[in-house]
Amino acid sequence: MSDLRLSGVRYELTRTLLHDLDLTFAAGRMTALSGPSGSGKTTLLSIAGGLLRPTAGEATYAGAPMWRGTGDPRPEVSFVLQVYGLVPILSARENVSVALRARGVDPDEADERAAQALARFHIADLADRQVEELSGGQMQRVALARGLCVEAGVLLADEPTSELDEGNRGLVLAELRREADRGAVVVVATHDPAVVDACDDHHALDEGRLVDHTEPVHLPVTRSYPDPGNGSTGGSPVTPSHDTPSDPAPVVEQGGAPATSGRRDHPAETSDPVRSDLDQPGDDDPYELFRRPPGSP
Ligand SMILES: Nc1ncnc2c1ncn2[C@@H]1O[C@H](COP(=O)(O)OP(=O)(O)OP(=O)(O)O)[C@@H](O)[C@H]1O
Ligand SMILES: [Mg+2]
């Protein structure tokens, strides 16, 4: 088991998007990466997984650099992308199977493992459906099946629950926990306080910098989304719009981590990762925490 390390990682385009970050994502643990829209989560995951070359510093896994000169990630890395990256005209099973075939798995075995991976996310019945016919929440779970089926050493999941109802979010968190339990580095970019709470470690970004999130904060109620009726898809997406550089950064403080290093002081639950004790009558805005100005109670 190896950790994933970022040392002095800086990323500049027309302005600096990441400022000299030093971070370790530990093997065998789930790490949440939170922060407002535009704070740099996707950029950081892209550098951590070898899709982008940092302007300075480096990301390493098992002592070797993640950037290989091409933008192709190392085989130890698997992504669940924020925009899913699925092929619309292929079936759900084919979209998953292709990831296994790309790693040299025999086609028949790849198809079988793809079907098993879809079943992990309760969408086995959708295996033969073309992805373009699926709902957003169903696509998100196909992307998760594809990301998890390859049993990578490093799993980087970018807002993997943004389209899911509470039940499916719990399912996904339990599956991510299984990945960590077999020794993988699991990093989850998220806006959802309940996802942060289910992780072992937490780092918060604001405008490309790590921010202090050491104050204990009470996590607000989690919102559930109505199932439109087929029992397998979520409702309203909560993915925020992508900020332009001129957008004001709405938030700094992030929820849930009482420990100073960003390491949480309780193990995340595996059977029911979404804590029911977070529910507070009358507190119906789970994202209020993310909009609270720095320093407010
Ligand atoms: N190719 C690019 N050129 C210029 N700016 C970019 C580019 N890609 C990202 N950015 C900017 O970099 C910043 C960080 O973007 P990033 O996608 O990493 O944020 P994020 O935290 O993942 O946001 P979200 O929560 O909306 O997904 C944003 O201000 C974005 O506009
Ligand atoms: Mg993003």
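A residue counts as near a molecule if one of its heavy atoms lies within 4 Å of it. The model is predicted, with local features needing pLDDT of at least 70, side-chain atom pairs counting only at pLDDT 80 or more, and totals for chains, interfaces and linings using all residues. Residues are numbered from 1 along each chain as its sequence is written, chains are lettered from A and ligands numbered from 1 in the order in which they are written, and side-chain values use heavy atoms, leaving out hydrogens and water.

**View 1. The shell around ligand 1.** Ligand 1 is surrounded by 17 residues, the closest being R15, S37, K41, T43 and H191. By class, three are nonpolar, 10 polar and four charged (nonpolar: Ala, Val, Leu, Ile, Met, Phe, Trp, Tyr, Cys and Pro; charged: Asp, Glu, Lys and Arg; polar: the others, Gly among them). Helix α1 supplies the largest share, three residues.

**View 2. Polar side-chain atoms at ligand 1.** A polar side-chain atom of K41 lies 2.7 Å from an oxygen atom of ligand 1. For Q82 the corresponding distance is 2.8 Å, and for H191 it is 2.8 Å. Taken alone, ligand 1 exposes 640 Å², of which the protein buries 77% (Shrake-Rupley method, 1.4 Å probe).

**View 3. The magnesium ion, ligand 2.** T42 (OG1) and Q82 (OE1) coordinate the ion at 2.0 to 2.3 Å (donors are N, O and S atoms within 2.8 Å of the metal, or 3.2 Å for Na, K and Ca; water is not among the atoms, so the site may look incomplete). T42 lies in helix α1 (residues 41-48) and Q82 in the loop between β6 (77-80) and α2 (92-101), so the pair ties together parts 40 residues apart in sequence (helices, H or I, at least four residues, and strands, E, at least two, are DSSP runs numbered from the N terminus). T42 is partly exposed, at 32% relative accessible area, and Q82 is partly exposed at 24% (buried is under 20%, exposed over 50%, partly exposed in between; 1.4 Å probe, protein chains only).

Conventions
Polar contact = N/O pair within 3.5 Å; in protein donor to acceptor, adjacent residues only side chain to side chain.
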